[in-house]
Amino acid sequence: MIGRDGDVSELARVLGNGVHRILAGPRRTGKTSVGRAALSRLRRRRLYVVELDLFRIPNRAELAEAIVVQTIANRPVVRQAVARARRAGRAALAGAALTASTRLKTELGDEVELAFKPGIADRDPDRYLAFGLELLQRVAAADDRQLVLFIDEFQEIAGDRAPYGDPDALTKQMRSVLQDSNRVTCLFAGSVEHLMRDLFTPRQRAFYQFGGFHALGPIDVADWRVGLVYRFAEDGCTVTPDALARLIELGEGHPRATMLVAQQTHDAAIADDTLIVDSGLVAVGLASAMAADRVSHELVTERIRSLGRHTLVVARRVAQGQRAYPGLEAKTATRAVNALRDAGLIEQHGRGDWQVTDPLLRRYLTEL
Ligand SMILES: Nc1ncnc2c1ncn2[C@@H]1O[C@H](COP(=O)(O)OP(=O)(O)OP(=O)(O)O)[C@@H](O)[C@H]1O
Ligand SMILES: [Mg+2]
């Protein structure tokens, strides 16, 4: 990772001290990367970790399964047995897996079997989820460890489709279990800042005052310089000062955009059979990055259109640095701006000053 050492250290320190944290911010700005980096530091300090990415967990049963599997996988011997059993599918357990599962059932309860036999949580998702949530503390206490629970894309819990069941009931259940789990510390991350704030700040919400927000700091220009020079040097490439300045300028501090343009520039250097990266190659890199993102930009545009009748107009105005409102009813324009913000596409920098977060998307919308 380039830069962000301060964010990673701070998060690791706070979580290591048992204080919950919420990492909220626009899309693709590095939340997951920072969360993971903090977790791997904590793992090195022998804390247990459980990492759930809700984008990859379709329903309540699989949520239960993921929690149980990851919790017990903190024990190395169990991790191997579980992995082997899961690879073998739902056939009868044998050998080390059978031994491990029998022992764990005695220690933790029959429900733990679901870790070894994918799919059985479907039979009774409520029971297995309740078991999983309580298992975090039980395993941590049994092994005399602290455990950090990282839930990425946490806003999915409150998503329209309610993938894990009634959001209110689930968040209340989680809160009440976690409150009594003194060995469990949570890191929740999400790309929909507004939704994340809605889950954690209103007084009537289950997670009210559960943990403080951590806002990612910008990546310093000096860090970008060092980091990019280092990345190119790994492949024997030298970047000219002009090219380096241009890369950083084009990326506008946005991690994903900067890295994509840098990577495409590197590909262009390889194609040109040169080890010197100059601004000419950065221009090629930018064009390739835009081409690489074309399909995704088209999809985002479709999505913007689906958010409301005027959202695309407003998004293009914001992209072009114009005011969102002229010619639209104030209410309509506000609604469009809010929808774009909730989708994690635009951010506010001062009153009435909105910006498209991803500079490549902004370029695409400007040129549309
Ligand atoms: N500090 C960094 N240095 C280099 N690359 C980074 C850095 N932070 C993020 N990236 C890259 O940018 C991309 C987006 O990062 P990441 O997935 O962490 O962001 P996110 O905020 O979690 O995104 P999303 O909103 O999609 O969940 C990834 O490809 C990642 O490798
Ligand atoms: Mg992420």
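Residues are numbered from 1 along each chain as its sequence is written. Because this is a predicted model, local features need pLDDT of at least 70, side-chain atom pairs count only at pLDDT 80 or more, and totals for chains, interfaces and linings use all residues.

Me: What makes Glu51 and Arg36 a salt bridge?
Reply: A salt bridge is a side-chain nitrogen of Lys or Arg within 4 Å of a carboxyl oxygen of Asp or Glu. The closest N and O atoms of Glu51 and Arg36 are 2.6 Å apart, so the pair meets that rule. Glu51 belongs to strand β2 (residues 48–53) and Arg36 to helix α2 (residues 31–44), 15 residues apart.

Me: Why is Arg36 called partly exposed?
Reply: Buried means under 20% relative accessible area and exposed over 50%, with partly exposed in between (1.4 Å probe, protein chains only). Arg36 has 42% relative accessibility, and therefore counts as partly exposed.

Me: Is Arg75 buried or exposed, and how do you know?
Reply: Arg75 has a relative accessible area of 14%, so this residue is buried. Arg75 also forms a salt bridge with Asp143, their closest N and O atoms being 2.8 Å apart, and a network of salt bridges links Arg75, Glu107 and Asp143.

Me: What makes the lining of the largest cavity nonpolar by class?
Reply: The class of nonpolar residues holds Ala, Val, Leu, Ile, Met, Phe, Trp, Tyr, Cys and Pro. The lining has 10 nonpolar, no polar and no charged residues, among them Leu52, Ile67 and Met174.

Notes
Chains lettered and ligands numbered in written order. Heavy atoms only, no water. 1 Å grid on protein atoms, 1.4 Å probe; cavity = no way out; pocket = protein on both sides within 12 Å on 5 of 7 lines; lining within 4 Å. Helix = DSSP H or I, 4+ residues; strand = E, 2+ residues; numbered from the N terminus.
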